[in-house]
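Here is a quick briefing to read alongside the model.

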Amino acid sequence: MTTEKKDSSSTPASPHTSHISVEVVDPTIKQGDSQKILERKLKRKLDILILPLTTFLYLCAHLDRGNMGNVKLQGLKSDIMDDSDTKYSIALTCFYIAYITFNVPGNIMAKILQPSIAIGIAALIWGVASSLQAAVFNFAGIVVCRIFIGIGEACFGPVVPLYYSIWYKRDEIALRNALFIGCGALAGAFGGLIAYGVSFAKGSSIGASWRILFLVEGLPTIALSVLIFFFLPSRPETSKYLTEEEREIAVARLAADQHNQSHKKKFQWSGFRRAVTDYRSYTYGVIYLGVNLTLSSISGFLPTIIVSLGHTDAEAQLYSVPPYACAAVYMIIICRLSDRLRCHGLFVAGTMLLSCVGWIILLTVTTNQHARYFATFIVVMGAFTAVPLMLSWISKNTPNESQRAVQLGILNAIGQCFSILAAFIFPTSDRPYWKLGFGLNLAFNGLSAILAAILYCLLRYENARRDRLAESNNAETTDPSTTVTTDLAPTFRYIP
């Protein structure tokens, strides 16, 4: 023991002392490895706490939002809308008007309150409204319910990407958003299966099958809203579900990441001003117009389009399942790849071009119904995949949390405007070729692809300009933790 305490400079080197010197280095290596292990364990714990609640809730949200396309075929339109295309379109539109109006206020509310509380309140609002649709007996009743569903979902859908950005680093967000939005695609699949099963319900005391469908898809949202209140973590620095060590790791890993340098709880008006004066906010929004035109067209009319391919109403519910299922898988693969490559603009452009191919087939092929059905797969895969890519693109390029909240709200407020248009571009008189609906979707999907590619180039140019400026000023660019407040800071670099 005494020989190990001697100064190594006074004794000759030996295999034994060499072995000791290696052992001195090993603890440092193990400490670094230990830190990585602790971070991986933290991410797993966050995924277990956060992802199930938020993704299942989005599945419910998409079921409640998109079930109009299913109940239309089950008698809702003839029972309380006098079989009027206009009334059906108005019912669809009411949801989107409320959704657009409350997008930015909903995100600001989530910033002022705890995001988990805001999400729970939002879910309770639209869950109750969705369930009450089963009890309506006139057109006014369905309109009121759709308005409150829109209000609730406006305070939820854009808030979750903001919420994820509070917990995850820039290269971790797209995959989580893909899992989140992927549940929307799965909702389309489950919605078709549920509607298919409910269509055979006979002799129920509730009444028509569409009433049963509203109830079956609305009540789970209320149950989930209660779980959200009690179990969804609040913020990394205060969450009761993390140990003190885990809270320190969570805060430190975000502080070292450029996308989350300003994570103050209070709403910052500097972030608001940056969001509303940045041209990118509105460019993102215009790109999202084309995405949402297609999403809303699919949500409101995919079963109707499939019926026009020669299938019965019940078969159409069933045949709407495979396109959504394929979209969910494709979305996760593409978003994972975009995270690895740290690139979003080209992937957004590529997915929208894929959707364009589907619309071209639907427009030009009029006799081969198998090819037309295949085209619905391409359209759903392209449009759905663009959603998490867009949400992640903004989240990664807004280091100020208040700026991020407002910019995500602007994205949805602008983007959902064409959801209103989608409600009116598939009139029954256009059946079975739907030239107006297919043509408008093709045009605006193409515009989205072009703008996404242009914005990608602009962001790469801006990064290169800042690199040149930093080199000329001999500026430090690797540790922006004390300087970044918005994306205008010269140390910040965009994800193109």
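The lining of the largest cavity is made up of 11 nonpolar residues, 8 polar ones and 1 charged. Keep in mind that this is a predicted model. That cavity holds about 180 Å³ of space, and 20 residues line it.

**The largest cavity**
- Closest to its centre are Tyr 58, Arg 65, Tyr 288, Val 387 and Gln 416.
- Two or more lining residues come from each of α1 (15–66), α4 (85–101), α9 (173–198), α13 (279–307) and α17 (369–396).
- The top contributor to this lining is α13, which supplies 5 residues.
- Counting cavities of 30 Å³ or more gives 6 in the protein.

**A look at Ser 448**
- You will find Ser 448 in helix α20, which covers residues 435–472.
- Is Ser 448 buried or exposed? Its relative accessibility is 1%, so Ser 448 counts as buried, the cut-off being under 20%.
- A polar atom of the Ser 448 side chain sits 2.7 Å from the backbone oxygen of Ile 287.
- Beyond its neighbours within four places in sequence, Ser 448 touches Val 286, Ile 287, Gly 290, Val 291 and Met 352.

**The protein overall**
- The fold has 20 helices and 0 strands.
- Across the 496 residues, 57% count as buried.
- Among contacts with a separation of 6 or more, 82% join residues 24 or more positions apart.
- The accessible surface is about 20,100 Å², and carbon and sulfur atoms account for 66% of that surface.

How values were computed: Residues numbered from 1 in each chain as written. Predicted model: local features only at pLDDT ≥ 70, side-chain atom pairs only at ≥ 80, totals over all residues. Heavy atoms only, no water. Helix = DSSP H or I, 4+ residues; strand = E, 2+ residues; numbered from the N terminus. Buried < 20%, exposed > 50% of the residue type's maximum accessible area, 1.4 Å probe, protein only. Contact = heavy atoms within 4.5 Å. Areas by Shrake-Rupley, 256 points an atom, 1.4 Å probe, with all protein chains shown as cover. Polar contact = N/O pair within 3.5 Å; in protein donor to acceptor, adjacent residues only side chain to side chain. 1 Å grid on protein atoms, 1.4 Å probe; cavity = no way out; pocket = protein on both sides within 12 Å on 5 of 7 lines; lining within 4 Å. Points joined across faces, edges and corners; volume = space filled by probe spheres on them. Nonpolar A, V, L, I, M, F, W, Y, C, P; charged D, E, K, R; others polar.
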